[in-house]
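User: I have a structure to read and I am new to this. Please take me through its domains, its chain contact and its helix packing.

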Amino acid sequence: MKRAITINVNGTEHTHEVEPRLLLVHYLRDVLNLTGTHVGCETSLCGACTVIIDGQAVKSCTMFAVQADGASVTTIEGLARDGELHPVQQGFWECHGLQCGYCTPGMIMTAAQLLERNSNPSRDEIRHALEGNLCRCTGYQHIVEAVEYAAKQ
Amino acid sequence: MAEKYVGRRVKRTEDPRLIKGLAHYVDDIRLPDTLHVAFVRSIYAHARVTNVDASAALEAPGVVAVYTGRDVAEKVGPVPCAGNLPDLKIPDHRVLAKDKVYFVGHPVAAVVATDPYAARDAADLVVVDYDELPAVVDAVTAAGEGGAVIHEQFGSNVAYKLTAGEGDIEGALGGADHVIRQRIINQRLAPVAMEPRGVLARYLPGEEELTVWSSTQIPHLLRTQLALMLGMPENKLRVITPEVGGGFGSKLNVYAEEALLGWISMQTGRPAKWIETRRENMQATIHGRDQIGEIEVGCKADGTVMGLRYNVIADLGAYHQLLTPAIPTLTGLMLSGCYKIPAIQINVTGVFTNKMATDAYRGAGRPEATYVVERALDLVAAELGLDPVEARRRNFPRPDEFPFKTATGLFYDSGDYAGALDKALANADYTELRAEQKLARERGRLVGIGVSTYVEICALGPSQAMPAGGWESATVRIEPTGKVTVLTGASPHGQGQETSFAQLAADELGVDLKDVTVIHGDTSVVQYGIGTFGSRATAVGGTAVYVAIERLKEKAAKIAAHLLGTDAASVFFADGKFTRAGEKKSAAAAAGADPGEVPPAVLPAGQDPAGALPAPDADGKHVSLQDVALAAHLAKDLPPDMEPGLSATYFFEPKNFTFPFGTHIAVVEVDRDTGAVKFVRYVAVDDCGKVINPLLVDGQVHGGIVQALGQALYETVVYDESGQLVTGTLMDYALPRAHMLPWFELDRTETPTPVNPLGVKGVGEAGTIGATPAIVSAVVDALAPFGVRHLDMPLKPETIWRIIGAH
């Protein structure tokens, strides 16, 4: 039995009839065609699917689309404003905070949300905040530097 | 060459699309009418399949087809193995299991539906009847006589035996003052690229063309193999690797699913997509390492190593994937480490077990070798009461001994092992560290310092040493508008060659970085290539780019000379333009022919013969590369017999491998109450030859160290006694996370290789090779007060806590 939901994604309101079991990440990727949000596991451990929902960083593979009914969602595609990269995006670019890029959208969303909470985090605080996001390429050091770069902007 | 870009920390040109979420990995490619595939996989490690009943699945909503092993056995050829060892046993590896399953995750049936959720639902409706058989899980048992046999036709589980090495090993060990024996294990690891595998296949029945988008490191090799497996002409097959979310060797392979998806699209006439789940990735994507060895190392009383023997059982898993049996042979090649060891012997027994195949995982046989030889040097130091640094120093070849021949049959190209060691010791302030350690120990703290001096084999490799060609290709084109296109046969998937190759081209051609585009990973666009693995892309593929540019410039110089009215020897190229040195020669002399012999072009009435032709600068002394490119394409005024167009292709065949090296130093403190390992310092000095982009090199080293650290402290693939995969998700398989790591203090020495004109050695695997022994050595050193000389990885807190508790 499909249910109607209305979700604001990146500033645009969307209304769709969806299956109650449809994961939010699949709603974003397959219904809205916002494929920047990635899936790296099915146990909520890799963080590649992280988006911001009503100001909180959330793993969108562990939430049903119907649970986001009425919510405001920001995905990686909605982070840059008026063609200007978000400071965290800029930091990842400047500091080589990505290699294959697959974990990157989730990392950036998590880091952006960290800076909302704590505009001047220590290295330990950055590492702690990124615990839920796996990266297999960078060894995290350049990611930490990228977040430090963003914090200084 | 004005080096505006090479050698600088240039930020990557590939990043904007990735940080905006606009890049396309396989699952991001959307084709109309795509069918989705879900696999039914074996829940047993070893069983007979007596029946597969798909009737309920076929009734389920959205299901289009279900294919079983019986449906495809005669239709799709076997999964290939490139191993060519003598007497190698190669089981017939079909894309779907037919009569028997050999490991948990072995695909039994493919369910095809209009929606991925529907395919997943219907997969649960396929009823497979199994007769469970005893599972062969332990590799040592598998190597012995008796017990269950996986592939009955071979009579035993031994896939091959191999002895290699040079020198009188019996004499060396017999004549040594000390012989130390130690069991050494390189545990089984999972590569865990963040993007699991994925395949999208589209067959166009009218054109008889099959396009396969796959998350692979080897698009061209995959195309060739898929052509053979599917029995279709290779020139009707196109493999595209879009963005690839990490590989680490796990995508240096040809998998059953890649061929099967192509076949399914050919059967259904619709695009077919399969995206691997992480659970499937843990079960059915290759694993790495898994060597159970015994070493014997003989040394003189002064620490000079006389001989090293490594008897090893390699757990190959149930089937060979592409390079499965070859990995332990790479271990054999690198057993000399960066030491002069007169006699070396490796005895490999490769065995089948009811597990996923092992194959190339970052380092692929070399981390195993480095771990073995570095542990051996530590054991020698411990036996003789030497500082581990001194034990190493006493066995280094001197810089003037290169090219240095090892007892494993290799010629190391260039190196200064003491130079890198000294720099690392200075950066770490080693003497002070040892003094601090002494004080800490007196206060009961468990501080350890580990040093590893490594050498690795890169830039794989000369074709003689490779199963399917060791060269790499490049085409460099200057388009009519002056933009530069580089087509590389390498297949970068995070390493950043879209940037580093553009740096090379921009400097060599005197153009802006943004005017260069590097294209890779499309077999219909790029000339045949080998791919990205074995730290080869820059050393081999970059060299191909470099030589192609040199050839292109030779041609451009001839055209420029023609436009400037002189000969090619009289023009020089700098800052993106050709300049005439000396006076203009007569047109006839410059062209080298009598213009009277050339019939005049037939022109439409009223058209200027020069048309849009580029002209030299007003002084007639300069012509830009862009103008030469346009002239080459318009072809209205070229030197006689000159081919139009401006492109060059080069296939670079290296004469040798390259041998990067370095020193890694780890400083740890072990928590007495919990056994947890905490890092105090991590210092590394790596020498990868000439560096094109230090930012990218740092990134490679960081990532490599963390994968090594994962092996040392956290990661292990565990199968239980019945062959069930215990570490089947990321909840059970422990990967390093951001908060578990030290701050890496990196530095470099730079010893160019003579093997290629760039002097580049390669760096993709250095960290993974150099770091594991340094970290293990540090933890063992921390526990040395308890008499510990060796521990098996991963060094879990529990193991360490029990050692502390027992004292």
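User: How far apart are the C-alpha centres of domain 1 and domain 2 of chain B?

Analyst: They lie 42 Å apart. This is a predicted model: local features need pLDDT of at least 70, side-chain atom pairs count only at pLDDT 80 or more, and totals for chains, interfaces and linings use all residues. Residues are numbered from 1 along each chain as its sequence is written, while chains are lettered from A and ligands numbered from 1 in the order in which they are written.

User: Where do the domains of chain B run?

Analyst: Domain bounds come from an automatic or database domain assignment. In chain B, domain 1 covers 1-28 + 471-518 + 533-593 + 612-652. Domain 2 covers 31-133 + 194-246 + 251-284, and domain 3 covers 363-458 + 657-805.

User: How many residues of domain 1 of chain B are in contact with domain 2 of chain B?

Analyst: Contact means that the C-beta atoms of two residues, placed from the backbone, lie within 7 Å. Here 10 residues of domain 1 of chain B are in contact with 19 residues of domain 2 of chain B. The domain 1 side has 4 nonpolar, 5 polar and 1 charged residues. Ala, Val, Leu, Ile, Met, Phe, Trp, Tyr, Cys and Pro count as nonpolar, Asp, Glu, Lys and Arg as charged, and the others, Gly among them, as polar.

User: Which helix gives the most to the side of chain A that touches chain B?

Analyst: Start with the totals: 40 residues of chain A are in contact with 42 residues of chain B. On the chain A side, H2(A) gives the most, with 4 residues. Helices are DSSP runs (H or I, at least four residues), numbered from the N terminus. By class, that side of chain A divides into 19 nonpolar, 15 polar and 6 charged residues.

User: How do I read two packed helices?

Analyst: Two packed helices are described by the angle between their axes and the distance between the axes. Axes are lines fitted to C-alpha atoms, for helices over the stretch in contact, and angles run from 0 to 180 degrees between N-to-C directions. Take H3 (residues 104-117) and H5 (residues 141-152) of chain A: their axes come within 11 Å and cross at roughly 40°. H3(A) and H5(A) are therefore oblique to each other. Angles under 35 degrees count as roughly parallel, over 145 as roughly antiparallel, 65 to 115 as roughly perpendicular and the rest as oblique.

User: Which residues of H3(A) and H5(A) make the contact?

Analyst: H3(A) supplies Met107(A), Ala111(A), Leu114(A) and Leu115(A), while H5(A) supplies Ile143(A), Val147(A), Ala150(A) and Ala151(A). By class, this contact has 8 nonpolar, no polar and no charged residues.

Terms used: Helices (H or I, at least four residues) and strands (E, at least two) are DSSP runs, numbered from the N terminus.
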